[in-house]
2 protein chains.
Amino acid sequence: MEKQIKHAIQDQYPNDVAYCYGCGRLNDDGHHFRTGWEGDQTVTYFKPEAEHTAIPGFVYGGLIASLIDCHGTGSASLALHRKNGHEPLDDVTPPRFVTASLEVKYLKPTPIEATLKAVGTIEEIHPKKFKVIIEVFADDVQCASGEVIAAVMPEGFGK
Amino acid sequence: MEKQIKHAIQDQYPNDVAYCYGCGRLNDDGHHFRTGWEGDQTVTYFKPEAEHTAIPGFVYGGLIASLIDCHGTGSASLALHRKNGHEPLDDVTPPRFVTASLEVKYLKPTPIEATLKAVGTIEEIHPKKFKVIIEVFADDVQCASGEVIAAVMPEGFGK
């Protein structure tokens, strides 16, 4: 059975910011990354499709970067939501974050037939900014590491 | 008319490494990024699809990371190929690179209706490793910056 997150923070994003290609539940063509708590760390699982190839047999680096990106903003949302006293199951809208910066180190080729697991460790670096350190595993072998700086989405973002 | 690269290095990659979701000409479902010289800098153009949304109206950060990733490896390939005396039009197989690390700074929301332009500046940091500094523009406004460390693909990569 494929591993999956039961209570994902993305289930609680307001509709108007739930269209992200990576993690928006309302984007019909996207990846639907789902991020939840596992103790005081965060987890996202994803099974790549055949098309997400780099060199045949291995996962495309852009997909790994995308997974790290959305895992980072989702983890920051989970963290600030918890700090505010809430969990994904509560009927309370969580804060939405945007990515300020993203770093990825590709440690080894990532086999495409594996389910990927991103694990996040979160640090608050400012009341509206979180750093998320992310390890990406394929079948328990770490293939990439990453760091995301996520900031609370500014009011009227992009308007 | 949409801007496009005439003589892309990706046209010359050997068939068995031309399936990358980002830039492989043989991946039917991929982005088909095309990277070429513009003087001593490198350029890739890309028009995002509607599905590549972050917040409605703006481009998904994972797509920008993907563009920077493939632009980085393509630029490194162009650079080493030129150092070896060749241009993309020559009937000579260029070296294929993999991404060692990727950094992206998201400077401002990137409008989804614009054609993106990635511009690369290349520095050789080792005979088999290049650093590519990348600026991403949407309609002449810089929206992101990035850095890729690209390494010559090891013999028997992933075998």
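A: Happy to; below we talk through the interface, then aromatic pairs, salt bridges and strands.

A: First, the ground rules. This is a predicted model, where local features need pLDDT of at least 70 and side-chain atom pairs count only at pLDDT 80 or more, while totals for chains, interfaces and linings use all residues. Residues are numbered from 1 along each chain as its sequence is written, chains are lettered from A and ligands numbered from 1 in the order in which they are written, and side-chain values use heavy atoms, with hydrogens and water left out.

Q: Thanks! How many residues of chain A are in contact with chain B?
A: On the chain A side there are 37, in contact with 37 residues of chain B. Contact here means heavy atoms within 4.5 Å.

Q: And what area is buried between chain A and chain B?
A: About 2,800 Å², with carbon and sulfur atoms giving 63% of that. Buried area is the accessible area (1.4 Å probe) that two parts lose on being put together, summed over both. In chain A, the residues that lose the most area to chain B are A:Tyr21, A:Ile55 and A:Tyr60, together 22% of what that side buries.

Q: How many salt bridges go across that interface?
A: The rule finds zero between chain A and chain B. A salt bridge needs a side-chain nitrogen of Lys or Arg within 4 Å of a carboxyl oxygen of Asp or Glu.

Q: Then which strand of chain A pairs with a strand of chain B?
A: β3(A) does: five bridges join β3(A) to strand β3 (residues 97–106) of chain B, and the two run antiparallel. Strands are DSSP runs (E, at least two residues), helices likewise (H or I, at least four), numbered from the N terminus. Two strands pair if DSSP finds at least two bridges between them. In this pairing, A:Lys105 is opposite B:Ser101 in β3(B).

Q: New topic: how many aromatic pairs does the structure hold?
A: Eight, over all chains. Rings of Phe, Tyr and Trp (its six-membered ring) pair if their centres lie within 6.5 Å; planes under 30 degrees apart count as stacked, over 60 as edge-to-face and the rest as tilted.

Q: Why is the pair of A:Tyr21 and B:Tyr60 put in its class?
A: Their ring centres are 5.6 Å apart and their planes at 55 degrees, so the pair is tilted. A:Tyr21 lies in the segment before β1 (35–38) of chain A and B:Tyr60 in the loop between β2 (41–46) and α1 (61–83) of chain B, so this pair joins two chains.

Q: Back to salt bridges: how many are there over all chains?
A: The count comes to eight. One of them is between the side chains of A:Glu38 and A:Lys117 (3.7 Å, N to O). That pair links distant parts of the chain, 79 residues apart, with A:Glu38 in strand β1 of chain A and A:Lys117 in strand β4 (residues 116–126) of chain A.

Q: What does β4(A) pair with?
A: With strand β5 (residues 129–138) of chain A, in the antiparallel sense over ten bridges. A:Glu124 is opposite A:Phe130 in β5(A), and a hairpin of two residues joins β4(A) to β5(A).
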